Amino acid sequence: MKIDYRPAFSYPFRGKNLRRRLLIGCACSLILPLIFGYFIRAYRKILHGEDSEPPEWDDMMDIFSQGMIGLFIVIIYLFLPFLLILIGYLLTGGGYYVISSQGAISFAGILSLMIILLGFLLLFLALILLPMALAFYADSLDIMEAINLPHVAGKIFDNIENYFMALIVFSCVALAALGIFIFILPLSIFYLYLFFAYVFARVAVNSEQVSK
């Protein structure tokens with residue numbers, strides 16, 4: 001089943017109290033735990049069929065705590081890739097030891113570059129897995145669901161065409177929003193979080209329908 005992306009464009013501006021929601025969202029857009037917690041709350045509402053309008057900014061402590069857990073999930077996924085990239089970089093002496101004194105690539109340089117390449121490959125995979133991992137957390141509010149790699153990967157493969165199309169659509173919208181509205185960056189960030197939540201929640205729901 002194909003995903004209709006058109007409702008995602010208007011979703012951030014739906015419902016009552018729009019001005020209040022946008023003002024608070026813009027003010028919190030650079031405070032990661034708060035904006036991420038709000039994103040998780042929106043993700044959860046859409047996954048549970050409540051997609052008529054974004055959630056309100058209430059119970060800020062709950063939003064903050066869910067945001068912290070969401071960010072911790074992101075750190076779990078990105079830790080190993082960044083660690084490998086850092087180790088490879090340090091082993092090359094910041095690139096100094098890649099070339100030997102004879103002018104050829106040294107063995108240590110080759111090994112370090114392979115570690116860096118592995119790190120970037122794992123980073124690419126982590127970025128692909130994260131939207132679905134966060135959907136698992138938003139749905140259950142259970143961190144163990146989000147780091148269950150076989151289940152996360154399985155849900156992606158259940159609906160892989162729509163999943164990668166959603167990644168492409170979001171990337172294009174993000175480039176356009178950040179490029180055109182760079183002078184109102186807080187609004188762009190808030191908009192993109194809600195756009196992301198709507199698009200990938202739809203993909204996650206569609207994956208459940210396909211797998212049945």
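Reader: Which side chain meets glutamate 56 in a salt bridge?

Author: Quick note before the name: this is a predicted model, where local features need pLDDT of at least 70, side-chain atom pairs count only at pLDDT 80 or more, and totals for chains, interfaces and linings use all residues. Residues are numbered from 1 along each chain as its sequence is written, and side-chain values use heavy atoms, with hydrogens and water left out. A salt bridge here is a side-chain nitrogen of Lys or Arg within 4 Å of a carboxyl oxygen of Asp or Glu. At 4.0 Å, N to O, the partner of glutamate 56 is arginine 21.

Reader: How many residues apart in sequence are the parts that this pair ties together?

Author: Helices are DSSP runs of H or I with at least four residues, numbered from the N terminus. Glutamate 56 sits in the loop between H3 and helix H4 (60-91), while arginine 21 belongs to helix H2 (residues 18-28), so the pair links parts whose separation in sequence is 35 residues.

Reader: Is arginine 21 buried or exposed?

Author: The cut-offs first: buried means under 20% relative accessible area, exposed over 50%, and partly exposed in between, using a 1.4 Å probe and protein chains only. Glutamate 56 comes out at 24%, so it counts as partly exposed. Arginine 21 has 0% relative accessibility, so it counts as buried.

Reader: How many of the 16 residues of H3 are buried?

Author: Helix H3 covers residues 32-47 and reaches 22 Å from its first C-alpha to its last. That is close to the expected 22 Å, which is 1.5 Å times one less than the number of residues. The helix is mostly covered, and its buried count is 13.

Reader: How far apart are the closest N and O atoms of arginine 6 and aspartate 4?

Author: Arginine 6 is exposed at 65%, and aspartate 4 is partly exposed at 39%. Their salt bridge puts those atoms at a distance of 3.0 Å.

How values were computed: Helices (H or I, at least four residues) and strands (E, at least two) are DSSP runs, numbered from the N terminus.
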